[in-house]
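Biologist: I am new to this structure and would like to learn how to read its features one at a time. Could we look at it together?

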Amino acid sequence: MESAPKLKQNHGCTFLHSTQLLISVLSSFFQLQNFFILILLVSMETYIFLNGWNPISYFFLLLSSYTFCKYIIKLPILNAPRPVYLVDFSCLKPPSFCRVPFSLFLENATLMNTFDNNSLSFMAKTLKSSGQSEETCLPPALHFIPPKTHQQESIHEVHMVLFPVMDDLLTKTHLSPCDIDILIVNCSGFCPSPSLSSIVINKYSMRSDIKSYNLSGMGCSASAVAIHLAENLLQVHENSNVVVLSTEILSNGWYAGKEHSRLILNCYFRMGGAAILLTNRKEAKLFSKYKLFKTLRTQTSYDDRSYLSAIREEDKEGKLGVSVTRDTLQVFPETLRINITLLGSSILPLSEKLRYVVSRLRKRFVDKSQEIYIPNFKRVIQHFCLPVSGGAVIRAIGNVLKLNDKEVEAALMTLHRFGNQSSSALWYELAYLEAKERVEKGDKVWQIGMGTGPKCVSLIWECIRPILGESSNDPWADVIDRYPILGPST
């Protein structure tokens, strides 16, 4: 009974991997072919011109050559994608009155009279091993006994997490709400009507022709998915500004049952939000922080075991919560492996690709006990923003990518100071790297978003200007000098 999903998964992964590699090879072949054809045409025109042919014949040949290149060959240079720039971004620093030390969390949970001793013991153990500090925050609705989880409290939380980061972004970028052409809001678990994007449009009196999108149910990868969507939209809409708002509303996601697999999110998820400004305007390259270098999105939802590894549903008592099964420990690494394999085929130097191919061939035909070579991504990428799903998960991903302590530091310190803010955590990590003034012009930053489905999205940014003075900005203002701390619990 268990073999079917496994076969299905392996077949899907192999097919996806082979298809992507074939596309990459064919694309390189056609680019090379187009280059040689262009050289040939230019040489012919030069020969004709130097030999004094009739100008009318020369003009006809030039026109036909241009038509051939533009409409038949379609040279990549004539169809180059529009560059996408990250102008700036802002992250929420939750107010201090939302702070929830472990003792307060467990005391409130005890007074709710919904958890038995076994559940309370499990949550206490989970908190202590989570890698979080005593400084993480929960929204006001979850400070009440019992928690207020109705609609109006969730709407209030939306205002609390989205409006401050939106205001800060507009101030930083000197942008008016009327200058925003596209708005994308992502929140996985809360999807009201009117939508979250409509709430923001109403608050800031945005234009009537603004293009708005609301993403839900995408899990912790939602922010990276939103950036991928924005990239595609900016290829269609010229001279446009896109604002992406990323958050997770917690007040409607509290689980009041006793199943351990659903209690994990009560312990890990904490307040957070981010606002990001993207644009394809040509002048933006003069003042933007980053240029989008590469995006790649993969998922394994086609496999039943993967699909059911993390799912929101009611428990036996009818209480709603997100269940995280043990299959997640196998499913998410496999999803990540597919993504980094395809990513490596397009960005790694030839030497790394050859070492990887040789190791696979050796394992298959020579020694099956031989480990497959893990490419060294540090040859092309200098900084890493990993999924903040727990200290053990961060270190496991770091081991797969051969990262040292300093290279996983941003993820571990974000988890320690702010907890897991779901999709917006990637921006807290990038803010940490900027506050430490580690990102230099020309460096590349790799953000990895992983969420339920499961899905994995890679965003690679290239820094295009010096970034200084960010230590005085939220969310790391006043605390950046205390980090890194040594040996956070995992």
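Biologist: Let me begin with a helix: how many of the residues of α10 are buried?

Modeller: Please keep in mind that this is a predicted model. Of the 20 residues in α10, 15 are buried, so that the helix is mostly covered.

Biologist: What span should helix α10 have, and how far apart are its end C-alpha atoms?

Modeller: Helix α10 covers residues 328-347, and at 1.5 Å a residue its 20 residues should span 28 Å; the end C-alpha atoms are 28 Å apart, which agrees with that expectation.

Biologist: Turning to the sheet, in what order do its strands lie?

Modeller: The general idea is that strands of a sheet pair through backbone hydrogen bonds, either parallel or antiparallel. Here the sheet is open and has 9 strands, in the order β3-β2-β4-β5-β1-β6-β11-β10-β9, with mixed pairing. Because β3 (211-215) and β9 (383-385) each have a single partner strand, they stand at the edges, and one side of each is left without a neighbour in the sheet. From one strand to the next, the twist averages 20°.

Biologist: How do β1 and β5 run, and how many bridges join them?

Modeller: Strand β1 (residues 85-91) and strand β5 (residues 273-279) run antiparallel and are joined by 6 bridges. Aspartate 88, for example, has leucine 277 in β5 as its bridge partner. Helix α7 (residues 222-236) packs on the sheet, where the strands it touches include β5, β6 (290-299) and β10 (444-451), and its direction makes about 160° with that of β2.

Biologist: Which residues touch the most other members of the largest nonpolar core?

Modeller: In soluble globular proteins, nonpolar side chains tend to be buried together. The largest nonpolar core in this model has 108 residues, of which Leu278, Leu386, Trp427, Trp446 and Trp476 touch the most other members. Helix α5 (residues 151-173) gives the most to this core, with 10 residues, and the core draws at least three residues from each of domain 1 (84-286) and domain 2 (290-464). A second, separate core has 19 residues, among them Ala109, Leu142, Leu250 and Tyr268.

Biologist: Is serine 424 buried or exposed?

Modeller: Serine 424 has a relative accessible area of 0% and is therefore buried, the cut-off being under 20%. This serine lies in the loop between α13 (409-418) and α14 (425-435). Leaving aside its neighbours within four places in sequence, serine 424 is in contact with Ser246, Gly272, Gly273 and Ala274.

Notes
Residues numbered from 1 in each chain as written. Predicted model: local features only at pLDDT ≥ 70, side-chain atom pairs only at ≥ 80, totals over all residues. Heavy atoms only, no water. Pairing = 2+ DSSP bridges. Helix = DSSP H or I, 4+ residues; strand = E, 2+ residues; numbered from the N terminus. Axes fitted to C-alpha atoms, helices over the stretch in contact; angles between N-to-C directions. Contact = heavy atoms within 4.5 Å. Core = buried A, V, L, I, M, F, W, Y, C linked by side-chain atoms within 4.5 Å. Buried < 20%, exposed > 50% of the residue type's maximum accessible area, 1.4 Å probe, protein only. Domains from an automatic or database assignment. Expected span 1.5 Å × (residues − 1).
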